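Here is a guided walk through one protein chain. Keep the sequence and the 3D view side by side as you read.

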Amino acid sequence: MFRLLLLAAAVAGGWAECPHTWTLSPWSDSASWPDGQVPTAGSVTISTPVLLDVSPPPMDTITIADGGKLVFDPAVESLKLSANMVEITGGEFWIGSEDCPYTSEAEVLLTGKRDESEGAASVQKAILVRSGVLEVHGELKLSWTRLDATLPKTTREEITSGAIKSVVDTENTRGSGFHMFEFDPQGNGVKNWRRVFGPAKFTNVANKVGNIALVVVQRQALFGTSTPEETAAAFESMCFGGQQSSAMRDLVARQRIAFAAICHIGSPENSVELVGTFGNDRSSTGWLSKTIGGITFAAMSVASTINYTPVSRVEMISFTAGSVPSFTQTLTLAEPVTDWQVGDDIVIASTDFHQGQAEQFTLLECAGCQDDQVMIEGPVFFTHWGEETDGVDMRAEVGMLTRKVKIHGEMEDECYGDNLCERFSYDTFGGQIKALRDFSSVQIENAEIYHMGQQSVIGSYPIHFHMCLDTSGKNAAIRQNSIHDTFSRCVTIHGTHNVTLENNVAYNHLGHCYFLEDGGEQHNTFLGNLGFGTKAGTLLPSDRAGRVSTFWITNPDNTLNNNVAAGSDGIGIWILMPLLPTGPSADVDMGLVSGQSLRTALRGFSGNRAHSNLDFGLRLDDILRNDGTFGPAKYAPRVDPTDPRSDFEHLIIDDFTAYKNTEGVWIKSMWTLCTNFRLAENHIGLIFASAGPEDRRPHHEMLGNSRVVGNTDNKGEPAGRVSFGSGQSIILDRSIPRKKGKNAQIGVAFYRGPVHVVDSSFAGFVSNELRGAGAIGKKPSNPYFSSPIASVRNATFDFVDPSGGSRFYDGDGTVLGYKERDGNRHNIVLDWDGSLTTYPLASVVRPIPVLMNARCVLTPNWGPGTAICPDRFSRLKVTGSQPRPKAFVTRDDLQASEVEVSLGEQQVSFSMNTAESYIVHFNTTVPQRVVIIPFGLQQDLYQKVAVCVGASQQITVTPNTYSAADSIAEVDADETNSKYFYDSAVGTVHFRFSNPFPRGEHTTSHCPGTEEDQNGECLPVVKIIQEANNEDGDCRERAYPKYQTTPVSAEGALTVPTFS
């Protein structure tokens, strides 16, 4: 009982003691063991307090049972514990404590190959906490920071400075395979043997005694029709005089691996070779150099394992001895890093579109460095931005990978067994740390965790809280760790609440990284974590390329603050949710009702960043299905998320930065306010995809007080020559997105809504021969309803349009990526105050006949899909007993000469110019019940519209506030919106719609409301009911010229705006 009370007090108080000072029996003392023998192999159970004071031989299973403790001794300089399994069943496992960080070196190696035999344990190669305590606390070390000055890539001039001969700059080194170049003893070029397939060229050069041959692999090893052994034998004879074996023998045809050799023909003692080491999807030899006589020869090979061409490169150079250039560079960081040490490994995130530009370096001795500086050895292959540019902080994150406390899996040289070897050539069966429900405390901080996770075994992750439910009364925290080179996620919180993940670095992993598994997880905190190098896995459909996410958050009732998703082959931060928890959580009461997560506002989301992601930086959308697939969701937070009928809750997202993504932000919600966003260098910066664009009730999506930038000085890796489908090409000096790189660049793309952009500034949207650009625009493909009052208010632009950029851009069906769908043709942007167009209350429209009149003006500089009209517009939704009836409209001044047909893909609606009148027709069936709803009107703003329901029909119009008029004139004179006129001969029912309330400055919904709240419900919902369908839905021949109107005059016509 006393031990339990002591444990409870320690958990509550944060383990104030140093565990190695407790009364403990040394592992090395035979008296510490019941049988009087120090364990040397097999399995062992620890049921008394033991001090690990030696590195024991590899063990099978170490069980730490109730009453047992295993405590690492910090007095020993270096300790290593190797075991197939460390199983905690009521005992305690300690490496340091919160108040006593472990300052010596400690290593836990989890060993063993996957046992696939019948009856094999379901958990293998693990630290498994069934019950009890796991406390790991390494020496405090700054986990990550940012550059505070740009780190430029090493230039060709720097690499070749002082060179006698640089082969890459003067010779042909194109093509995959082995390349060989022959030098004379003075470093001059003799012959470019180019690609070497098989033994012949090596055999020829073997006779050139005294010369030096440099051999490198470009992209992948190729042997032609010869075997690696045959080729290697000839290479060994040339390079080593047949006196030693070459690593070339172990290479495999088409293997993406780096290899470099410097061969002094006839002097094998001077010959050297090097095979590349692997990391971040590449194999690299680094610089291999050898001084022979007075000449230094240098070679390098880097091969991308994912065929990312900019990474792959070779070098073969000769220098006068002593003149080899130094590639050291000093990094200036955003904060002091005095606890970073010489020999530590760091990784610098990409600041370009491809996460593969992250680079890893080892810290060098630097006597002249300040506290915020470190030195590395290059070459640096890619520029890493280190500045706030145009108001957007794009400084590269720098993660510290090295820790004194290491937990890792023992890996085989290659894939084996049923471990997805058809997909992965390397071993993906790493170790795992797994905590189950009855644990007392699990805290891991300042540890290096690598080669963990098992891609072939679901539920086997580097760090995994498994179905632990509420942990609020326990210590459950993962802080300041380096989690790198893992094979199945980074940290998984599964069916568990109230876990804290703080200031971790997670780099180079398969599948979703920071992972909430089933959607029932609540009240967890993600604070200041960095993740990048996220690549596709296989466990879930969403783990595939294009959707794999650094942060995969399946319940909004969690807190994400100050995290960074710095490079993924899919999404940076993806927030999605199920109707009810899936997987094992479906059988546990998580305190949730159906759909609750879809009605729950984000518990906290502020200060987060996402960049260098293939698809989205942030995506808030999608429903998670029970089978792991996903699809569009209707996320609409409520004041009471358990009650689907309660009022909408405002969703507020503050302080988010996204750059160098295909799409920076995609948010689907209802009442949404995004403030202090900083977006730059995205294909599309932000899209609000309203969860209910046709919902008549008050709602909006708003971007406020934000900065949106197109191109910046952070040009990235130049795209070089880019070809068009026409066969033409241009040369670009900057990078473009990996997806949709030839499509128009848009800062904020209007879509669905109502969307409002308020108090925000724009810069850097410049079109080129490749693609158009606009600070504001519209989603290129849109079949949905959008609001005619979506607006721009108090926008500012840091350029003069058109010479310095474009305020707006919209394409049409002739422009790559743009479609002619209903939503594209009827998407309206209202310039509330003239800050976009210079014309207050003007509307930016697609220049189609039913919207344009003589007062509108085309704006060719803003793309072929753009015109500006001084008029206001409404949107008429058409539905009924057929939800998407086949409908089209005519405009009365144009009569039957112009017809606008709805494709009816997702909805049927039409934007209408309030200065004009229209007729809605059906092709050809008139539904028995036709429902029409006007959006966007206000007091003193009217829309005249008729509906063709067929001639000589018996109709009823609801609501009952409507009464039949004797003429259109009577309808037009009605100020109460309560009259309709049915022309039985023509078959048209005529209305003049309006709204009783004025639109105020704070009216941001489709329709205005009372003076008190200014946002109301769109009314009326008019139903025209008949006894049955009829086939007389096209009234054009009867309606015109009877209802022909005079075209609007050009008086007050706009001109193309002039900006200063």
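Is proline 185 buried, partly exposed or exposed? Its relative accessibility is 37%, so proline 185 counts as partly exposed. Buried means under 20% relative accessible area, exposed over 50%, and partly exposed in between (1.4 Å probe, protein chains only).

Some ground rules come next. This is a predicted model, in which local features need pLDDT of at least 70, side-chain atom pairs count only at pLDDT 80 or more, and totals for chains, interfaces and linings use all residues. Residues are numbered from 1 along each chain as its sequence is written, and side-chain values use heavy atoms, with hydrogens and water left out.

Back to proline 185. This residue sits in the loop between strand E11 (177–183) and strand E12 (189–196). Helices (H or I, at least four residues) and strands (E, at least two) are DSSP runs, numbered from the N terminus. Glycine 210 is 25 residues from proline 185 along the chain, yet their C-alpha atoms are separated by 6.5 Å. Beyond its neighbours within four places in sequence, proline 185 has contacts (heavy atoms within 4.5 Å) that include Asn211, Ile295 and Phe297.

Now find strand E40 (residues 549–553). Five of its five residues are buried, so E40 is largely enclosed by the rest of the structure. Strands pair if DSSP finds at least two bridges between them. Strand E37 (residues 514–516) runs parallel to E40, joined by two bridges. Here tyrosine 514 stands opposite phenylalanine 551 in E40. Strand E43 (residues 571–577) also runs parallel to E40, with four bridges. There isoleucine 553 stands opposite isoleucine 575 in E43.

Next, the cysteines. A disulfide is a covalent bond between the sulfur atoms of two cysteines. The cut-off used is a pair of cysteine sulfur atoms within 2.5 Å. How many disulfides does a search of the whole structure find? It finds eight.

One joins cysteine 366 to cysteine 369, with 1.9 Å from S to S. The torsion about this S-S bond is about 85°, so the disulfide is right-handed. Another joins cysteine 948 to cysteine 1035. This pair links distant parts of the chain, 87 residues apart: cysteine 948 is in strand E73 (residues 943–948), and cysteine 1035 is in the loop between strand E80 (1022–1025) and helix H8 (1036–1039). Cysteine 948 is buried, at 0%.
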